[in-house]
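Good morning. I have one structure to show today, and I will keep it short. Please look at the sequence and the model first.

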Amino acid sequence: MTFLILILLLLSFPLLSLFAPRKPPPLHILPIPSASQLQWQLPPMAIFFHFGPNTFTDSEWGSGHADPSVFNPTLLDASQWI
């Protein structure tokens, strides 16, 4: 008799999971961009200029210890670059 009860209990566990409370889906991460903002992010071409102290110290990665006086673009003509 106890063997029959054990079998019935084991078979009922999958059925109990059908009645368990469901976990709600995760909330959206706000803010959600508008359609025009998404369109702006998908241009056919983009360019990025990085101009800073590493330009003058000829280093790929800066450590933050460069002397601030090395960044002194006195004759900078940004229009020439464009």
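I will go through the overall layout, the confidence, and then a few aromatic residues.

This is a predicted model, in which local features need pLDDT of at least 70, side-chain atom pairs count only at pLDDT 80 or more, and totals for chains, interfaces and linings use all residues. Residues are numbered from 1 along each chain as its sequence is written, and side-chain values use heavy atoms, with hydrogens and water left out.

The protein chain has 4 helices and 0 strands; helices are DSSP runs (H or I) of at least four residues and strands (E) of at least two, numbered from the N terminus.

Now confidence. pLDDT is the predictor's confidence in each residue, from 0 to 100. The mean for the protein chain is 80, and 88% of its residues reach 70 or more.

How much of the protein chain is buried? Of its 82 residues, 1% are, where buried means under 20% relative accessible area, exposed over 50%, and partly exposed in between, using a 1.4 Å probe and protein chains only.

Last, the aromatics. There is 1 aromatic pair. Phenylalanine 56 and phenylalanine 71 form it, edge-to-face, at 5.8 Å centre to centre and 80° between the planes. Rings of Phe, Tyr and Trp (its six-membered ring) pair if their centres lie within 6.5 Å; planes under 30 degrees apart are stacked, over 60 edge-to-face, the rest tilted. Phenylalanine 56 lies in helix H3 (residues 53–57) and phenylalanine 71 in the loop between H3 and H4, so the pair ties together parts 15 residues apart in sequence.
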